[in-house]
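Dear colleague,

Please find below the structure I wished to pass on to you. My notes on it follow directly after.

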Amino acid sequence: MARAAGAVYKVGDSKGSKVLIRIMRDCNDEILEKADKADCTLLPKFSCHTLRHTFATRLCGSGVNMKVIQDVLGHADIGTTMNIYTDATNELKQKEITAFSEYLNKLEEDNNTPQKESMVVDRIVCKT
């Protein structure tokens with residue numbers, strides 16, 4: 001039975017896995033046809049589940065509310081969403097520390113008094 005246009009394949013769905021394998025194969029074939037075979041980067045093998053984790057991490061990194069991510073992924077417990085499905089990327093850490101530093105600088109400007117916290121945050125280096 002064919003699926004309707006726009007139908008979503010679920011993780012663990014054998015048809016979804018076959019679709020993903022076919023997409024990776026076709027993409028790699030196209031790359032090999034267009035590029036010098038000695039100097040090209042092919043898509044690695046990955047699963048639908050890997051895409052699910054990446055999707056959750058990117059949602060988080062773009063600022064989507066965690067409760068929304070939880071609902072989209074269908075998790076009953078937000079702990080599953082936060083601890084298993086999303087990662088704090090280096091870009092996200094840098095963005096959040098920068099936003100916090102700007103917040104402290106704004107406080108300093110508004111109060112015309114130096115904030116000790118601001119000086120500390122300016123020295124924070126995110127681990128890579």
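**Contacts and core**

Leaving aside residues up to four places away in sequence, Leu-59 touches Val-64 and Ile-69. Please bear in mind that this is a predicted model.

Leu-59 and Ile-69 both belong to the largest nonpolar core, which has eight residues in all; the others are Ala-56, Cys-60, Met-66, Leu-73, Tyr-85 and Leu-92. Helix 2 (48–61) and helix 3 (66–73) each contribute at least two residues to this core.

**The chain as a whole**

The chain contains six helices and zero strands. Of its 128 residues, 20% are buried. The exposed surface comes to about 9900 Å², with carbon and sulfur atoms supplying 57% of it. Of the contacts between residues at least 6 apart in sequence, 39% join residues at least 24 apart.

**Salt bridges**

Side chains of opposite charge can pair when their charged atoms come close. The count here is three salt bridges.

- Asp-26 pairs with Arg-25, with the closest N and O atoms 3.0 Å apart. Asp-26 is partly exposed, at 38% relative accessibility, and Arg-25 is partly exposed at 45%.
- Lys-34 and Glu-30 form a salt bridge at 3.0 Å, N to O. Both lie in helix 1 (residues 14–34), four residues apart, or about one turn of the helix. Lys-34 is exposed, with a relative accessible area of 66%, whereas Glu-30 is partly exposed at 44%.
- Lys-106 and Asp-110 form a salt bridge at 3.1 Å, N to O. These two residues are separated by about one helical turn, because they are four residues apart in helix 5 (residues 90–111). Lys-106 is partly exposed, with a relative accessible area of 46%.

With kind regards

Definitions and conventions: Residues numbered from 1 in each chain as written. Predicted model: local features only at pLDDT ≥ 70, side-chain atom pairs only at ≥ 80, totals over all residues. Heavy atoms only, no water. Buried < 20%, exposed > 50% of the residue type's maximum accessible area, 1.4 Å probe, protein only. Contact = heavy atoms within 4.5 Å. Areas by Shrake-Rupley, 256 points an atom, 1.4 Å probe, with all protein chains shown as cover. Core = buried A, V, L, I, M, F, W, Y, C linked by side-chain atoms within 4.5 Å. Salt bridge = Lys/Arg side-chain N within 4 Å of Asp/Glu carboxyl O.
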